[in-house]
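Let's take a walk through this one together.

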Amino acid sequence: MFDKRITLFMGHYGSGKTFVAVNYALALSALKKNVSIYDLDIVNPYFRTVDAEKLLTSRGVELVVSPFAETNVDIPAMNAKSYKMVDDLTRFAVVDVGGDDRGALALGRFSDKIKEENNYDVLWVVNNLRPETRDIESALRIKEEIEYSSRLKFTGIVNNANLGNETTIETILNGVDFVKELSNAASLPLKFSAVRRDLITEELKNLKQILPIDPIKYGDWL
């Protein structure tokens with residue numbers, strides 16, 4: 001965790017990848033200078049990094065969004081600043097990519113340069129309690145679709161098992177078991193589990209790695 005210049009988060013709709021990406025960028029900014037978060041999510045998502053702008057900028061994280069971030073335009077239009085992701089090697093880049101294969105299309109124009117630099121992670125955010133990834137076969141099908149559209153292969157999996165405010169320690173541990181099985185099926189390592197900070201116990205600290213997720217409600221990000 002935190003060892004690559006570019007870290008991209010992709011996953012199915014409602015997987016919680018935006019919350020993971022924002023919290024990852026905030027945690028990274030505490031360790032590194034020059035952190036930017038890029039919002040490539042242009043498929044009318046439930047929650048956008050732009051909604052966390054005040055929080056991000058207060059921690060010194062630069063936010064770069066599509067010019068259509070707060071509209072219903074459904075085309076892969078990019079802010080010119082988005083190219084800093086691959087051109088400015090002095091900055092760490094955290095990238096929130098659109099849901100499923102359609103959102104991943106926006107990443108395709110950057111994929112060659114990302115692979116050329118070869119200093120990146122492409123992390124698959126999985127919430128096994130979402131209908132789209134309730135079983136291994138369905139999850140693997142989504143993986144293949146995203147990889148095809150983005151022209152990038154996943155390098156690891158993030159366990160983001162949660163039920164919102166109803167999340168329990170058992171929820172997270174069950175998610176770990178599912179992702180371990182998925183990890184074997186996809187031949188991908190489990191990079192870390194995203195865990196709401198107030199749920200982190202000694203039992204959960206035994207997990208490989210944990211990214212604390214602050215329990216911030218939607219309105220609190222504004």
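Predicted model: local features only at pLDDT ≥ 70, side-chain atom pairs only at ≥ 80, totals over all residues.

**A tour by helix**

Start with α1, residues 17-29.

Eleven of its 13 residues are buried, so the helix is largely enclosed by the rest of the structure. The buried set is Lys17, Thr18, Val20, Ala21, Val22, Asn23, Tyr24, Ala25, Leu26, Leu28 and Ser29.

In sequence, Asp214 and Asn23 are 191 residues apart, yet their C-alpha atoms are 7.5 Å apart in space. Leaving aside residues up to four places away in sequence, Asp214 touches Asn23 and Arg197. Asp214 has 24% relative accessibility, so it counts as partly exposed, whereas Asn23 is buried.

Zoom out for a moment. The chain holds seven helices and eight strands, and 53% of its 222 residues are buried. Of the contacts with a separation of 6 or more, 76% are between residues 24 or more positions apart.

Next, find α7. Its 18 residues reach 25 Å from first C-alpha to last, close to the 26 Å expected at 1.5 Å a residue. Buried along α7 are Thr171, Ile172, Gly175, Val176, Phe178, Val179, Leu182, Ser183 and Ala186. What do these buried residues pack against? Their partners are β5 (120-126), α6, β6 (156-159) and β7 (190-196). Just past the end of α7, Ser187 takes a positive phi of about 55°.

Helix α6 (residues 136-150) packs with α7 (residues 169-186) at an angle of about 55°, and the two axes are 10 Å apart. That angle makes α6 oblique to α7, and the crossing is right-handed. On the α6 side, the contact uses Ile136, Ala139, Leu140 and Lys143, while α7 brings Phe178, Glu181, Leu182, Ala185 and Ala186. Sorted by class, that makes seven nonpolar residues, two charged ones and no polar ones. Phe178, Leu182 and Ala186 are among the buried residues of α7, and each of them also takes part in the contact with α6.

Terms used:
Residues numbered from 1 in each chain as written. Heavy atoms only, no water. Axes fitted to C-alpha atoms, helices over the stretch in contact; angles between N-to-C directions. Helix = DSSP H or I, 4+ residues; strand = E, 2+ residues; numbered from the N terminus. Parallel < 35°, antiparallel > 145°, perpendicular 65-115°, else oblique. Left-handed = near helix turned anticlockwise from the far one by under 90°. Contact = heavy atoms within 4.5 Å. Nonpolar A, V, L, I, M, F, W, Y, C, P; charged D, E, K, R; others polar. Buried < 20%, exposed > 50% of the residue type's maximum accessible area, 1.4 Å probe, protein only. Expected span 1.5 Å × (residues − 1).
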